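Reader: I would like to work through this model feature by feature. Please give me the general idea each time, then the case at hand.

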Amino acid sequence: MPALLLTVVFFFIPVILTVILSLTSMDYRFNWDFVGIQNFIDMFRDFMIKGVIKNTIIYVAFTLAFFNVGLSLVLSILTTSIGDRGGTIFRLIWMMPRLTPSVVYGLLWLWIFDPTKYGLINGIRSALFNGVEPIDFLWQHPMLIIIIANGFVGASFGMILFTSAIKSIPKDYLYAASVDGASWFYRLRKIILPLLKWQILFTTAYQTLSLLTSFEYILIITDGGPVFSTEVWALYTYHNAFENFRFGFGAALSLVLVVIGLVASLVYLKIFRFKEMIQEPRIEVDA
């Protein structure tokens, strides 16, 4: 009963209120003026939506593929291939940004890409190449910066999950493959990766939903700029709801984001052949 009560209060009621709110034109006056599906009609008439969708796809796809799944998988494989002590120390160091407050982490990247000679990268360039002009990375490559910033902190989640899964693989499988003359790469391709299918599916789906809904690092580093070049869907929802006080329109945007997340999850289940993954092993058992 306590768990059910908490679920109703903190999940079902907010969901219902969000749906109702999306059908209103509520603004800073907090009037519940129902307008039906007008917010959704206005959404697809909004000249910003095409750019926001494009930014969201680029941000989610590249961060997910190269960092949250790709880099985390590489890190877990490499750190489990060396000694336990060295791998543990490396993973602890990599986890530090996740334990750091978001504002501190964002300010660190702002210092790294500072457009003046006092920024880390521009300072190194100035020291190596005397008289070279500083580069304004935040203006020239804003999307690349937020992908890197989000990717480095996001890779730690998959790294820990994949590491735990790799360590749980029975050693007999790897020993038997080694005795048969299998190389490290062959063992990785034929034993380790197939046994990580569940973890890869979960990490891909979870991190996709996380990237679709998270925007704090983008807010701190670029705030969607310059000229809306890093304005993703979640940040656009935040700006409309809490800066422009278009609460009804913001609720409609958030509902569309939920639908996008559900569709992405179903696509992943299809790609990973989820039905085959949950089938019972095809092993004949003697009666």
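Author: Start with helix packing. Axes are lines fitted to C-alpha atoms, for helices over the stretch in contact, and angles run from 0 to 180 degrees between N-to-C directions. Two packed helices are described by the angle between their axes and the distance between the axes. Keep in mind that this is a predicted model.

Reader: At what angle do helix α2 and helix α14 pack?

Author: Helix α2 (residues 38–45) and helix α14 (residues 247–271) pack at about 75°, and their axes are 9 Å apart. Angles of 65 to 115 degrees count as roughly perpendicular. That is why α2 and α14 are roughly perpendicular to each other. On the α2 side, the contact is made by Asn39, Phe40, Asp42 and Met43. On the α14 side, Gly248, Phe249, Ala252, Leu253, Leu255 and Val256 take part. By class, the contact of α2 with α14 has seven nonpolar residues, two polar and one charged.

Reader: How are α8 and α11 oriented to each other?

Author: Read the angle first. It is about 165° for α8 and α11, with the axes 10 Å apart. Over 145 degrees counts as roughly antiparallel. So α8 and α11 are roughly antiparallel to each other. Their crossing is right-handed. Gly154, Phe157, Gly158, Leu161, Phe162 and Ala165 of α8 meet Gln199, Ile200, Phe202, Thr203, Tyr206 and Gln207 of α11. Seven of the residues in the contact of α8 with α11 are nonpolar, five are polar and none is charged.

Reader: Which residues of α3 meet α11?

Author: Geometry before residues. Helix α3 (residues 49–81) packs on helix α11 (residues 197–213) at about 145°, with 10 Å between the axes. The crossing of α3 and α11 is right-handed. From α3 come Thr56, Tyr59, Val60, Thr63, Leu64, Asn68, Val69 and Leu73. They meet Ile200, Thr203, Thr204, Gln207, Thr208, Leu211 and Leu212 in α11. The contact of α3 with α11 has eight nonpolar residues, seven polar and no charged ones.

Reader: Now the whole chain. How many helices and strands are there?

Author: The chain has 15 helices and zero strands. Its C-alpha trace spans about 70 × 70 × 35 Å along the principal axes. Of the 287 residues, 38% are buried. Take contacts between residues at least 6 apart in sequence: 67% of them join residues at least 24 apart.

Reader: Which residues touch the most other members of the largest nonpolar core?

Author: That core has 57 residues, and Met43, Tyr59, Trp109 and Trp233 touch the most other members. Helix α8 (residues 142–167) gives the largest share, 10 residues. Look at tryptophan 109 next. Beyond four places in sequence, its contacts are Ile148, Ala149, Phe152 and Ile221.

Reader: Is asparagine 55 buried or exposed?

Author: Compare its accessible area with the cut-off. Buried means under 20% relative accessible area. Asparagine 55 has 10%, so it is buried. This residue is in helix α3. Outside the four places on either side in sequence, asparagine 55 touches Met143, Phe228, Ser229, Thr230, Glu231 and Val232.

Reader: What about isoleucine 58, at 27% relative accessibility?

Author: Isoleucine 58 is also in α3, but counts as partly exposed. Its contacts, sequence neighbours within four places aside, are Thr63, Met143 and Ile147. Isoleucine 58 and leucine 144 are 86 residues apart in sequence, yet 9.8 Å apart from C-alpha to C-alpha.

Reader: Where is leucine 235 found?

Author: Leucine 235 is in helix α13 (residues 233–243). At 0% relative accessibility, leucine 235 is buried. The C-alpha atoms of leucine 235 and isoleucine 218 are 7.9 Å apart, with a separation of 17 residues along the chain. Neighbours up to four places away aside, leucine 235 touches Phe215, Ile218, Leu219, Asp223, Gly224 and Thr230.

Reader: Last, backbone geometry. Which peptide bond is cis?

Author: The bond from glycine 225 to proline 226 is cis, with omega near -5°. Proline 226 sits in the loop between α12 (216–221) and α13. Aspartate 223 is in the loop between α12 and α13 too.

Reader: What is the phi of aspartate 223?

Author: Positive, about 55°, although aspartate 223 is not a glycine. Aspartate 223 is partly exposed, at 36% relative accessibility. Now take phenylalanine 245, in the loop between α13 and α14. Phenylalanine 245 has a positive phi of about 60° and is not a glycine. At 39% relative accessibility, phenylalanine 245 counts as partly exposed.

Note on methods: Residues numbered from 1 in each chain as written. Predicted model: local features only at pLDDT ≥ 70, side-chain atom pairs only at ≥ 80, totals over all residues. Heavy atoms only, no water. Helix = DSSP H or I, 4+ residues; strand = E, 2+ residues; numbered from the N terminus. Left-handed = near helix turned anticlockwise from the far one by under 90°. Contact = heavy atoms within 4.5 Å. Nonpolar A, V, L, I, M, F, W, Y, C, P; charged D, E, K, R; others polar. Buried < 20%, exposed > 50% of the residue type's maximum accessible area, 1.4 Å probe, protein only. Core = buried A, V, L, I, M, F, W, Y, C linked by side-chain atoms within 4.5 Å. Parallel < 35°, antiparallel > 145°, perpendicular 65-115°, else oblique.
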